[in-house]
Amino acid sequence: MSHADARRELIEKAWAMAWGQGDVDALDALLSPAYLRHGGDPHPQNLNAFKAAIISTRAAFPDLTTTIDNIVVEGDTAAIRWHSSGAHMNSFLGVPPTKRRVAVSGATFARFEGDRIVEEHVTWDPRALLSALGIIRVGQD
């Protein structure tokens, strides 16, 4: 198995356990203790904050399904294209349950140091989530 294939397999397994089953400690095999996740917030999440975000997301969307659509690994970087869907059954970020199904997609760009990811940059459109929950309207009438 090539180094890229091993990294791809590690990503797939950790994501399936964390996002799919809620076993966030499975991320410890993939993410460095010094891990930082950059997204829309001006302050990056550390590993513990990222784990807590997964747990709260799965609590709000108990049937959450996250699928990796594609992984490209080159050298010490990985690009992961993904999509998620689920029904909003419990409070999420202060929003009461809407019982609506939502779908979002995005991409994660990861940087490895050794065998672990130390940094990720995540891009997705939170307006799609807010629109699906009925909080905002996106597009024209």
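## Surface and confidence

The chain exposes about 8000 Å², and carbon and sulfur atoms supply 53% of that (Shrake-Rupley areas, 1.4 Å probe). This is a predicted model, where local features need pLDDT of at least 70 and side-chain atom pairs count only at pLDDT 80 or more, while totals for chains, interfaces and linings use all residues. Residues are numbered from 1 along each chain as its sequence is written, and side-chain values use heavy atoms, with hydrogens and water left out.

Mean pLDDT (the predictor's confidence in each residue, from 0 to 100) is 92 for the chain, with 96% of residues at 70 or more.

## Overall layout

You'll find 3 helices and 6 strands here (DSSP runs: H or I of at least four residues, E of at least two, numbered from the N terminus). From the N terminus on, they run α-β-β-α-β-β-β-β-α. Of the 141 residues, 34% count as buried (under 20% relative accessible area, 1.4 Å probe, protein chains only).

## Arg7

Arg7 is found in helix α1 and counts as buried because its relative accessibility is 5%. Leaving aside residues up to four places away in sequence, Arg7 touches Val73, Gly75, Asp76, Phe112 and Gly114 (heavy atoms within 4.5 Å).

Definitions and conventions: Buried means under 20% relative accessible area, exposed over 50%, partly exposed in between (1.4 Å probe, protein chains only).
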